[in-house]
Amino acid sequence: MKGFIIKEFLHIFRDLRTMLILFGMPVAQVLLFGFAITNEINHASIAVLDRAKDSKSLELQQKLTASGYFKFNAQLDHSTEIEKAFQSGKVKEVVVIPADFEKTLALGQPTAVQLINDASDPNTANLISSYTTAILMDFAANEMTQNQAMPVTTETTMLYNPELKGVFMFVPGTITILLMLVSAMMTSISIAREKEMGTMEVLLISPLKPYQIILGKVMPYVVFSFVNALVILIMAYTIFEMPINGSLLLLLAETLLFILMALSMGLFISTISNTQQTAMLLSMFALMLPTILLSGFVFPVENMPDPLQWLSHLMPSKWFIIIVKSIMLKGLGFMYIWKETLIILALAVFFVLLSIKNFEVRLNLK
Amino acid sequence: MNPEIAVSASKLSKSYQGKNALESLSFEIEKGSLFGFIGPDGAGKTSLLRILNSLLIPDSGKASIMGFDTVNDYKKIRRIIGYMPGKFSLYQDLTVEENLKFFAGIFKTTIKENYHLIQDIYSHIEPFKNRKAGQLSGGMKQKLALSCALIHKPEVLILDEPTTGVDAVSRGEFWEMLQKLKAQNITILVSTPYMDEASRCDEVALMQAGKIMLRNEPEEILKAFDAELWSVKSNRMFELLKDISDFSKTKLAYRSGDHLCLIPEGKFTENNSLIAYLETKGHQSVRLEQIRPTIEDSFIYQMQAQN
């Protein structure tokens with residue numbers, strides 16, 4: 001057993017690629033998701049077609065720039081220039097302020113500010129227009145109070161993530177993806193490699209029991225996955241100032257449980273694939289893609305068609321992301337996440353049993 | 001159960017997707033013998049060895065090693081055999097010493113404990129013990145793999161094509177090592193596609209298409225060659241085989257290296273008639289000489305007699 005685990009560590013340390021995936025990836029991914037891929041709007045360039053050119057329209061423009069979300073790229077003079085502005089690719093949104101803006105407002109009559117967006121990137125278009133709308137509403141509300149009271153006002157409070165930081169969303173997702181990758185993919189590949197190289201034949205012939213072979217293969221990856229999770233958490237805490245409001249111990253315990261679950265999935269994959277390539281493709285398509293797409297990490301599950309929503313319930317990653325968020329952001333205790341924990345535990349047991357059933361003490365030649 | 005029998009098989013059959021790999025094989029191998037399974041690729045050697053070492057289950061028939069059934073007592077068998085699969089199953093990224101240590105470890109022994117067993121073999125590669133297995137030459141890999149298969153002092157050693165892809169000198173050395181191992185009272189089963197290696201075994205079985213065509217001691221196989229063997233060369237080797245096959249006194253002719261082998265009907269005293277015959281067919285500088293049959297020739301001869 002001991003010799004087996006030592007051997008496994010040697011395999012990992014000797015292979016530069018494995019090392020890179022194990023240790024380079026977490027850092028790269030967190031930095032990438034944290035800094036580069038962000039849903040927040042920052043200095044989006046917009047153009048304004050000001051047909052009014054009065055004091056109120058100027059006030060509105062100042063309000064837009066003062067927000068820090070936008071920067072003015074151009075003042076347009078004519079509606080024909082709108083198309084050109086978009087074609088140049090430098091402008092994401094054009095704000096059209098109608099003529100007699102101030103006068104209409106002063107009369108207390110309704111007026112419409114037109115927002116034209118470059119929807120070739122729909123997400124950004126949506127975001128920019130909603131940010132602009134928010135500022136316009138604020139502006140309108142101010143105007144209203146000067147003349148008459150607004151019938152209903154809304155006041156929104158963003159709980160748990162008041163600044164709407166994208167990092168808070170990405171860290172749980174990144175931990176999940178990485179643990180899936182390291183645990184499931186790496187174990188399945190390393191077992192498939194033994195089969196491919198023919199060393200599995202010798203291992204099978206040895207007095208080693210199947211559970212010893214499996215444990216020996218899996219142990220190093222448990223350690224590495226856990227170290228990875230720690231690295232991500234530390235980076236999230238220090239660089240991105242993500243709070244850990246709940247119990248750290250509980251978080252680590254849940255992480256360990258998820259690692260074991262991912263490993264059991266990797267084991268299962270390795271029992272049904274005979275080459276490293278099959279193992280890798282299977283992990284990619286069966287584990288990675290659903291983890292990314294259906295876990296609610298990138299796309300909100302609530303907006304998906306029903307069949308996909310049902311499918312997402314089967315994704316352990318979805319439950320793990322909920323757990324991580326609950327502990328880190330909401331500071332919830334075990335009482336609130338026992339259901340999610342139970343689901344992951346059940347999946348782990350399921351896959352372990354399936355793998356043991358599938359593990360061949362003989363060669364499986366068809 | 002004869003206590004002198006190390007390996008026995010009765011009516012072993014195995015097929016893959018309807019194609020027969022083994023057809024009702026039965027044999028017994030005595031303890032302490034060096035037994036060779038010889039045959040071309042696809043003859044069923046690997047399947048047979050994998051059934052014997054318990055990695056495969058036969059479709060029908062039974063086999064046992066040291067009295068243990070290969071299907072029911074596979075756990076006991078796995079303690080007493082050493083196995084070297086066709087591809088040298090070493091960890092390429094581990095060093096020579098690490099490989100050996102690992103295989104000693106999984107068989108719950110240490111290098112020290114059984115060093116005397118592998119000393120002869122391992123001493124050749126010990127100077128390179130810190131080199132990675134992937135960087136060894138074919139011959140050295142083979143020695144390391146053998147050391148790994150031997151480190152737990154098996155009673156039966158099963159080697160699947162250990163000399164394939166290894167240079168001639170290393171092949172020779174390897175067989176000498178096996179001879180020495182035999183002296184340690186280890187029963188050794190070897191498979192090989194090289195017929196010339198047959199003479200190195202105590203006993204050989206010639207396999208073809210899942211059957212044992214012939215089984216005997218190498219000397220007996222040689223003795224069974226009761227005909228003359230002539231080597232023929234001419235300036236037109238390409239047509240030579242056809243022309244000789246058409247010759248009235250030819251029993252069997254086949255290509256062998258750079259010459260043709262000819263087994264005539266009866267005694268071939270008037271060999272001049274062949275030269276004259278070949279010259280009428282347009283061959284020049286015909287060279288004819290009687291040669292000693294090798295075990296390979298004997299195999300071909302006896303196979304022909306059986307057909």
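Modeller: This is a predicted model, and one term has to be settled before the packing is described: contact means heavy atoms within 4.5 Å.

Biologist: What makes you say that helix α8 of chain B lies across strands, and which strands are they?

Modeller: Helix α8 (residues 237–245) of chain B lies across β11, β12 and β13 (259–264) of chain B, and the angle of about 160° to β12(B) is taken between N-to-C directions on a scale from 0 to 180 degrees. Helix α10 (residues 295–306) of chain B also packs on the sheet, where α10 touches β12 and β13 of chain B and makes about 140° with the direction of β12(B).

Biologist: How do you know that β11 and β14 of chain B are paired?

Modeller: Pairing requires at least two bridges between two strands, and β11 (residues 230–233) of chain B and β14(B) have four, in the antiparallel sense, so the pair qualifies under that cut-off. In β14(B), R287(B) is the bridge partner of K233(B).

Biologist: Why are β12 and β14 of chain B said to stand at the edges?

Modeller: The open sheet has four strands in the order β12-β13-β11-β14 (chain B), with antiparallel pairing. Because β12 (250–256) and β14 (287–290) of chain B each have a single partner strand, one side of each is left without a neighbour in the sheet. From one strand to the next, the twist averages 25°.

Biologist: What share of the residues of chain B counts as buried?

Modeller: Of its 307 residues, 53% count as buried, the cut-off being under 20% relative accessible area.

Technical notes: Residues numbered from 1 in each chain as written. Chains lettered and ligands numbered in written order. Predicted model: local features only at pLDDT ≥ 70, side-chain atom pairs only at ≥ 80, totals over all residues. Heavy atoms only, no water. Helix = DSSP H or I, 4+ residues; strand = E, 2+ residues; numbered from the N terminus. Buried < 20%, exposed > 50% of the residue type's maximum accessible area, 1.4 Å probe, protein only.
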